[in-house]
Amino acid sequence: MMAVVQERFGPPDSLRLCDVDRPRAGAGQVLVRVHAAAVNPYDWHMLRGDPYAARLTGGMGLVRPKHRVAGIDAAGVVERVGADVRGFGPGDPVLGFCPGAFAEYACTDAPLLVPRPLGLTFEQAAAVPMGAVTALRGIRTVGRVRSGQRVLVNGAGGGVGTFAVQIAAALDAEVTGVCSARNAGLVRSLGAAHVLDYAREDFTDGRERYDVVLDNVGNHPLGRLRRALAPAGVLVANGGGSPGRVFGAVGAMLKVAAVNAVTRQRLRPILPATPDGPAHEDLLAVTALVEAGQVMPVVGRTFALAGTAEAVRHVEEGHARGKTVITVP
């Protein structure tokens, strides 16, 4: 099969399209024929081994990538199931977390998959897993958004942000989205009552206070972010940062946790969604929102499998609109 391979840590140009052996489904696993795969900031972090401190955890490898085939978000059709798998069979359309998703086939544990909602294309379905689950955890699980609260989403036009705006609106919150001028119409259409152009307006100037702030960008100091919070407000910090940092988002998360100990405001770090944790329940929750018509994936650009390096570079630059998706022929 054809797959996008990373033999070493490095920039997107280090990715190679190669012919490799097809993975096999072991006990409790499902082999998926991939039709589409989404690109996340997670992917360039894994590709570069960045931040360097994260290599010590063992999740990405110490001196070389832990997973040879890149990618994590996929949508496709079940090709084969291993022993002890219930609920899936060959031909079933699915989406979920599939390590090695930038390939014609990927193998994953059965609980990391859910049925593809009716009405979604494979490209839209691939956009769901990491972006929507991270947004759900930020808005509902960590932010605990309730009806009538004022919620601000920084980076509202991006992969996590477009889902977060919709999820907060579905919870009947009054949503303010911070994005570029070109994404203002999109963010309003997703349910934002107010839209701020980040190039012209500074939401951290203290003139407006919010019950919950979800920061997907990391482009403001923590002290200024707190000025945007109500006295008992919640800041949900979702990473941000550029390549080449020793600690990167990890250091920012530790700072958030330290300041949280000495303030009435609640400062909560949230790491991007990965297969760890209650992935199955979160995937079911977001697909239920899709099926209810309350959430719809936003696909900004698509690339062919051979263009995966360009797609990762596009996401790494930090201005992608919605989700960037790889189509697999």
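## Strand 15 and its neighbours

Threonine 302 stands opposite valine 325, which lies in strand 15. This pair belongs to a predicted model. Strand 14 (residues 299-304) runs parallel to strand 15, and five bridges join the two. Between them the chain passes through helix 9 (residues 308-316). This β-α-β crossover is right-handed.

Strand 15 also pairs with strand 3 (residues 29-39). Here the sense is antiparallel, with four bridges. Alanine 36 has threonine 327 of strand 15 as its bridge partner. Alanine 37 is bridged to isoleucine 326 in strand 15. How many of the five residues of strand 15 (residues 323-327) are buried? Four are, so strand 15 is largely enclosed by the rest of the structure.

## Strand 3 and its pairings

Strand 3 is mostly covered. Nine of its eleven residues are buried. Besides the pairing with strand 15, strand 3 pairs with strand 4 and with strand 6.

Strand 4 (residues 73-81) runs antiparallel to strand 3 and is joined to strand 3 by eight bridges. In this pairing, leucine 31 has arginine 80 of strand 4 as its bridge partner. Strand 6 (residues 105-109) is likewise antiparallel to strand 3, over five bridges. There, valine 32 is bridged to alanine 106 of strand 6. In a regular strand, side chains alternate between the two faces of the sheet.

Glycine 28 sits in the loop between strand 2 (16-19) and strand 3. Is glycine 28 buried or partly exposed? Its relative accessibility is 22%, so glycine 28 counts as partly exposed. Buried would require a value under 20%.

Glycine 28 and valine 85 are 57 residues apart along the chain. Their C-alpha atoms are separated by 5.1 Å.

## Helices 3 and 4

How do helix 3 (residues 129-142) and helix 4 (residues 159-170) cross? Their axes come within 8 Å, at an angle of roughly 50°. The two helices are therefore oblique to each other. The crossing of helix 3 and helix 4 is right-handed.

## Cysteines

The disulfide count is zero. The rule behind that count asks for a pair of cysteine sulfur atoms within 2.5 Å.

Two cysteines fall into separate accessibility classes. Cysteine 18 has 24% relative accessibility, so cysteine 18 counts as partly exposed. Cysteine 179 has 5%, so cysteine 179 counts as buried.

Note on methods:
Residues numbered from 1 in each chain as written. Predicted model: local features only at pLDDT ≥ 70, side-chain atom pairs only at ≥ 80, totals over all residues. Heavy atoms only, no water. Buried < 20%, exposed > 50% of the residue type's maximum accessible area, 1.4 Å probe, protein only. Pairing = 2+ DSSP bridges. Right-handed = clockwise from strand over helix to strand, strands pointing away. Axes fitted to C-alpha atoms, helices over the stretch in contact; angles between N-to-C directions. Parallel < 35°, antiparallel > 145°, perpendicular 65-115°, else oblique. Left-handed = near helix turned anticlockwise from the far one by under 90°.
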